[in-house]
Amino acid sequence: MTVKFAPASESQITRAIVAEFAKEFEQYAKTEVIIVGGGPSGLMAGKELASNGVEVLIIERNNYLGGGFWLGGVLMNKLTVRSPAESILDELGVPYTEYSKVKGLYVADAPHACSKLITATCDAGAKILNMASLDDVVLHNEKVSGVVVNWSAVSALPKEIACVDPVSLESKFVIDATGHDASVVKQLRERGLLEIKGQGAMWVERSENLVVEHTSEFYPGLIVTGMAVSAAYGLPRMGPTFGAMLMSGKKAAEVAIEKLRV
Ligand code: 48F
């Protein structure tokens, strides 16, 4: 097979990357919703917001999206969801089977599910800033009004050469989807603005319901979703099952949409 690629020089390729990145970064320096964390809850929230016409930017410290959604438990790449969350797998077009010994417990291929969720979120129009880590929050009149971010690589540099100032991005709402870390919530705790309980011990039967129930605006301007909800409210952990992550992401988007309408 002979292929003749379109002509483009090295510098033209560099310019294309810089121009497109700068255009998007400039536009999203001020946006409606910023989601910190691109795991299952953050991606789901991003998909729902973008498909409802909300301008949304997801900030992810890794170069890849998906968080803990690439695997089930330890090294096994089968993930579980409990009814009624299989409806979200249907929505994403992810195949699954019901585990023969437990009614309402479904198993899917984690790489397949994760790729489908990432695709759906990007297709819906959510924008991604990866390799960027939360450094701080923007706080205007006691309301979270954006985030301060730095390139993730900066934190890996020795302190004596890491004098790199971060930049700020403004938004009407920030969603903490950073999982067990609850990084955004912890920024407010460090300033003495709120107390958090820290995650409780494992109890899957209670945890999933409680995470969805407690997905809410935790501080003015800051909505929590996924395992960040557990850390913020001191709820039990749930281990390798993901229904509550997906449903909590959906609810976080609904909370933001309702508040944006006010
Ligand atoms: O950890 P993660 O998958 O959070 P989640 O959406 O889902 C939790 C489950 O994976 C699992 C569980 C229940 O099933 O217990 O653990 O709540 O995804 C969190 C994402 O946030 C990124 C991190 O790299 C991951 O992709 N993240 C965490 N801290 C920061 C961050 C930060 N400071 N800045 C940017 N991204």
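In which helix does Lys47 lie? Lys47 is part of helix α2. The legends below describe close-up views of a predicted model.

View 1. A polar side-chain atom of Ser41 is 2.8 Å from an oxygen atom of the ligand. For Asn62, the corresponding distance from a polar side-chain atom to a ligand oxygen atom is 3.2 Å. Taken alone, the ligand exposes 730 Å², and the protein buries 91% of that. Ser41 and Gly68 also belong to the group that comes nearest to the ligand, together with Glu60, Met227 and Thr241, out of 28 residues around it.

**View 2. The pocket and the shell around the ligand.** The ligand takes up the space of the largest pocket. Two or more shell residues are given by each of the elements α2 (40-51), β2 (56-60) and β7 (132-140). The largest share, three residues, is contributed by β7. Sorted by class, the shell holds 15 polar, ten nonpolar and three charged residues.

**View 3. Lys47 and its partner.** The side chains of Lys47 and Glu91 are joined by a polar contact of 3.0 Å. Lys47 counts as buried because its relative accessible area, 12%, is under the 20% cut-off.

**View 4. The cis peptide bond at Pro84.** Ser83 and Pro84 are joined by a cis peptide bond with omega at about 15°. Most peptide bonds are trans. Pro84 sits in the loop between β3 (78-82) and α3 (86-92).

**View 5. Positive phi at Met131.** Met131 is not a glycine, yet its phi is positive, at about 60°. Most residues other than glycine have a negative phi. Met131 is located in the loop between β6 (127-130) and β7. With a relative accessible area of 37%, Met131 is partly exposed, because that value falls between the 20% and 50% limits.

**View 6. Positive phi at Ala182.** Ala182, which is not a glycine, has a positive phi of about 45°. The residue is in the loop between β9 (167-176) and α5 (183-190). Is Ala182 buried or exposed? Ala182 is buried, because its relative accessibility is 0% and the class requires a value under 20%.

Key. Residues numbered from 1 in each chain as written. Predicted model: local features only at pLDDT ≥ 70, side-chain atom pairs only at ≥ 80, totals over all residues. Heavy atoms only, no water. Near = heavy atom within 4 Å. Polar contact = N/O pair within 3.5 Å; in protein donor to acceptor, adjacent residues only side chain to side chain. Areas by Shrake-Rupley, 256 points an atom, 1.4 Å probe, with all protein chains shown as cover. 1 Å grid on protein atoms, 1.4 Å probe; cavity = no way out; pocket = protein on both sides within 12 Å on 5 of 7 lines; lining within 4 Å. Sits in = over half its atoms within 2 Å of the grid points. Helix = DSSP H or I, 4+ residues; strand = E, 2+ residues; numbered from the N terminus. Nonpolar A, V, L, I, M, F, W, Y, C, P; charged D, E, K, R; others polar. Buried < 20%, exposed > 50% of the residue type's maximum accessible area, 1.4 Å probe, protein only.
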